Amino acid sequence: MRLGSVIFLVFLVCQVSSYDFIRDALNSIDQSSDPCEDFYRHACPRSSESGFLGKRKFDEIFEKMIELQKKNIWENLEIMNALGNLNLGETGDSVSTFLSDKFFELCESQDPDLPKFLLKVQQIAMKTDTTRCYSKRCFMRFAEDNNCTRSLEIFKDRVDSFFHESFYEIQNFLDYNIQSFLRGIRIVNIILDGNMTNGIESVNTVLADMVDVVIGWIEETPWAHNYGVIESIKEVAEEIHVEGNHGLQLRAMANNLMKLEQTFLKCSSEFNRDATLLCLLATAKFTNSTFEYYRSFNTKYNARNRHPDLNFGVPFLAIASGSEEYAGMLGLVGSVVGHELSHTLIESSDEHYLLPTSSDEAIECIQNQYNRTCLEFKEESCEVGDYQIDENGSDILGYQLAYQLFLKAYEGRVHDNYLKMSNRNVTYQQLFFYAASLIHCDNAPSHRTLGRHSANNVRANVIVQLSAFQEAFQCSPFSRMMQTLEV
């Protein structure tokens with residue numbers, strides 16, 4: 001890497017590690033509006049690029065960091081060049097037709113590559129790199145028949161039996177896997193180059209603290225005692241962990257990528273003439289079931305619970321490592337961590353995958369809160385259905401867990417000022433609530449999603465369920481936000 005690239009990379013690393021997304025987003029608050037009337041549109045006004053529209057900042061930095069990796073060896077492999085130069089229009093799409101035509105060409109010209117070609121076809125049919133074969137999967141004997149026309153008829157019958165793919169399918173398979181492995185390697189390098197490993201540690205710490213809170217709550221909950229589920233809940237909660245071993249993931253993705261390259265190069269070296277198509281076919285066939293398992297990081301603004309693994313997009317790691325104030329990090333990243341943890345604990349009354357039962361009373365309260373908020377703050381569209389129970393419940397429990405950690409961290413100073421704005425001060429408590437809303441921000445009118453999540457503005461405004469919201473913004477009991485409170 002040239003000196004100029006090194007200097008630019010250092011500049012980008014500084015940008016990632018020093019950019020406080022939450023502090024920047026506070027500049028977009030509509031200071032002329034009342035947070036107690038519609039908190040979502042107060043924190044996420046339509047007139048500005050508020051909240052997660054500011055994600056473009058991260059997108060731009062990530063794109064530049066990826067661009068700097070383009071000269072690395074794994075970005076310029078021979079198999080990638082072969083796929084990039086492939087012209088299937090000239091070759092034809094059918095694998096069996098290509099093999100038959102190639103066999104006849106080599107046979108007629110008595111090409112010394114014929115035995116090697118037949119061995120490779122046989123190995124692909126047998127899915128082995130040895131000379132072992134049986135029945136119709138034996139192709140080497142065709143090298144001994146000088147009657148190419150007669151041999152072609154039998155050869156074609158055999159390849160038609162074993163090779164049903166098209167070269168487009170082979171090309172797509174290889175392209176998809178190569179790009180997946182490259183994307184994973186690039187993202188892990190973004191984490192390392194951007195000094196985001198401390199973000200992973202922060203998320204892990206938040207999760208561990210939340211699990212302790214959950215266990216403490218459960219032990220004090222009469223419902224859990226009555227149904228005898230304390231130990232079950234503790235067991236599944238303690239199983240959860242953040243998927244963050246980027247070293248192992250980097251190794252797995254690099255191994256998978258180099259396995260493709262080495263298989264292709266070894267095959268190509270066995271022939272005197274160009275054997276690109278045959279070797280691409282062999283590479284796809286020989287590596288299809290031998291990839292090391294991995295689950296890659298991603299640069300999307302999402303998180304997933306695949307119990308017991310929690311997976312967080314790189315932007316959340318960047319925010320966790322770059323947030324100036326812990327209260328803001330807890331409000332945004334903490335709420336997301338709490339949401340994902342809650343997916344293990346909240347299930348609809350007729351679907352129980354991890355726990356033997358659930359609290360119907362709690363579920364009813366959650367759905368009522370969403371209904372009230374939906375009716376009061378509907379923009380383009382919103383609805384509340386039973387299919388959303390786990391998402392809705394995870395929103396509210398996620399807020400509660402994150403706020404519990406906030407209270408512990410800011411004991412005695414929740415009302416202290418964090419920031420002075422043009423016409424108001426922002427306290428640490430208010431910072432928590434502002435940060436919690438940011439992930440849902442959107443300029444467009446809020447609407448129901450295609451998935452199980454409620455409309456963005458509803459998800460943000462149900463935070464009124466935290467009694468501290470009224471305290472933080474001194475809301476009148478008659479304000480719109482407080483009128484939607486389900487008690």
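Predicted model: local features only at pLDDT ≥ 70, side-chain atom pairs only at ≥ 80, totals over all residues.
Visitor: Which side chain does Arg46 meet in a salt bridge?
Guide: Arg46 pairs with Glu379, with N to O at 3.3 Å. A salt bridge here is a side-chain nitrogen of Lys or Arg within 4 Å of a carboxyl oxygen of Asp or Glu. Residues are numbered from 1 along each chain as its sequence is written, and side-chain values use heavy atoms, with hydrogens and water left out.

Visitor: How many salt bridges does the structure hold?
Guide: There are 20. One of them joins Lys285 and Glu165, with N to O at 2.1 Å. Those two are 120 residues apart: Lys285 belongs to helix H15 (residues 276–287), and Glu165 to the loop between H9 and helix H10 (167–193). Lys285 is partly exposed at 24%.

Visitor: What about Lys234, which partner does that one have?
Guide: Lys234 forms a salt bridge with Glu219, and their closest N and O atoms are 3.3 Å apart. Because Lys234 lies in helix H13 (residues 230–239) and Glu219 in helix H11 (residues 197–219), the pair ties together parts 15 residues apart in sequence. Lys234 counts as buried at 19% relative accessibility, whereas Glu219 is partly exposed at 38%.

Visitor: Which residues are linked in a network of salt bridges?
Guide: Lys102, Glu105, Asp111 and Arg273 are linked that way.

Visitor: Switching to cysteines: how many disulfides are there?
Guide: The count comes to six, where a disulfide is a pair of cysteine sulfur atoms within 2.5 Å. With bonded cysteines counted along the chain, the pattern reads 1-12, 2-11, 3-6, 4-5, 7-8, 9-10.

Visitor: Which cysteine is joined to Cys36?
Guide: Cys475 is, with S to S at 2.1 Å. The two are 439 residues apart: Cys36 is in the loop between helix H2 (21–25) and helix H3 (39–43), and Cys475 is in the loop between helix H22 (467–473) and helix H23 (480–483). The S-S torsion of this pair is about -85 degrees, so the disulfide is left-handed.

Visitor: Are those cysteines buried or exposed?
Guide: Cys36 counts as buried at 4% relative accessibility, and Cys475 is buried too, at 6%.

Visitor: What is the handedness of the link of Cys107 and Cys148?
Guide: That link is left-handed, with -85 degrees about the S-S bond. Cys107 comes from helix H7 (residues 95–108) and Cys148 from helix H9 (residues 148–162), 41 residues apart. Cys107 is buried at 7%, and Cys148 is buried at 5%.

Visitor: And Cys374 with Cys382?
Guide: Their sulfur atoms are 1.9 Å apart in a disulfide. This link is right-handed, with 100 degrees about the S-S bond. Both cysteines, Cys374 and Cys382, are buried.

Visitor: Where does that leave Cys365?
Guide: Cys365 is in no disulfide, and the nearest cysteine sulfur, that of Cys374, is 16 Å away. Cys365 counts as partly exposed at 29% relative accessibility.

Visitor: Last topic, the inside. Which residues touch the most other members of the largest nonpolar core?
Guide: Leu99, Phe117 and Phe433 do, in a core of 147 residues. H10 gives the largest share, 11 residues. A nonpolar core is a set of buried Ala, Val, Leu, Ile, Met, Phe, Trp, Tyr and Cys residues joined through side-chain atoms within 4.5 Å.

Visitor: What is Leu99 in contact with?
Guide: Leaving aside neighbours within four places in sequence, the contacts of Leu99 (heavy atoms within 4.5 Å) are Phe117, Val121, Phe155, Val159, Phe163, Leu278 and Leu281.

Conventions:
Helix = DSSP H or I, 4+ residues; strand = E, 2+ residues; numbered from the N terminus. Buried < 20%, exposed > 50% of the residue type's maximum accessible area, 1.4 Å probe, protein only.
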